[in-house]
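I opened this notebook to record how the strands pair and where the nonpolar residues gather. The entries follow the order in which I looked things up.

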Amino acid sequence: MDKASLVEQLIARVREGAGVAEREMAAASEAARHGEDAKTRRDDTRMAIEYGALARAQQQRAQQAQLVLATLQTFRPAPARAGAAVGLGSLVEIEDEDGAGRTFFLAPAGAGVELTGPGGDGFFTVVTPQSPVGKATMGLQVGDTFDITVNGETRSWEITWIG
């Protein structure tokens, strides 16, 4: 599988999110300065404060997206090698004890983003090494198992494929 295309897809999704944050920041800044209308400006100065806080939050979101973009633009995952352990850039299929499976792409940033394989073949969730799943799987190989506890419930998973 062409991991470079997954990275490009991830970059496009993060850029899209950054663009939304920048547009929302501009709209909130405008509303904070000028209010929605003259009556709002006169009657409710709290609205300006709220829009100002929203603009700052959107600015932080846009700045975070720019940092993620900078990280991803230099990310070049290596091709899969037979018998390799899970590492940064790996595609990993896991299965729980009930047979439910998931596939993820271990990237340095972009956690939670859903990617599609070439031609729409399959879905991959981006996982980072800092996440519970990323931490638990780093260095493991096909056939290894690991446990993850979420909301007090522990589930066992087996690595069934690494690409």
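Entry 1, strand pairing. I began at F105, which stands opposite V126 in β4. Strand β4 covers residues 123-127 and runs parallel to β2, to which three bridges join it. I took helices (H or I, at least four residues) and strands (E, at least two) as DSSP runs, numbered from the N terminus. Two strands count as paired if DSSP finds at least two bridges between them.

I noted the basis of the model before going further. It is predicted, so local features need pLDDT of at least 70 and side-chain atom pairs pLDDT 80 or more, while totals for chains, interfaces and linings use all residues. Residues are numbered from 1 along each chain as its sequence is written, and side-chain values use heavy atoms, with hydrogens and water left out.

Entry 2, the hairpin. I then looked up β1 (residues 91-96) and β2 (residues 101-106), which pair in the antiparallel sense over five bridges. V92 stands opposite F104 in β2. Four residues lie between the two strands of this hairpin, and G99 takes a positive phi near 90°.

I found six bridges between β5 and β6 (residues 153-162), which run antiparallel. V150 stands opposite E153 in β6.

I read the strand order as β3-β4-β2-β1-β6-β5, an open sheet of six strands with mixed pairing. Its edge strands, β3 (114-116) and β5 (145-150), each pair on one side only.

I defined a nonpolar core as a set of buried Ala, Val, Leu, Ile, Met, Phe, Trp, Tyr and Cys residues joined through side-chain atoms within 4.5 Å. Buried means under 20% relative accessible area, exposed over 50% and partly exposed in between (1.4 Å probe, protein chains only). Which residues touch the most other members of the largest core? They are L10, V14, L72, F105 and L115, in a core of 19 residues. At least two residues each come from α1 (3-34), α3 and β4. The most come from α1, which gives six. I also recorded a second, separate core of twelve residues, which includes I94, L106, F146 and W157.

I located Q64 in helix α3 (residues 45-73). With a relative accessible area of 46%, Q64 is partly exposed. The C-alpha atoms of Q64 and V14 are separated by 9.9 Å, and the two residues are 50 residues apart along the chain.
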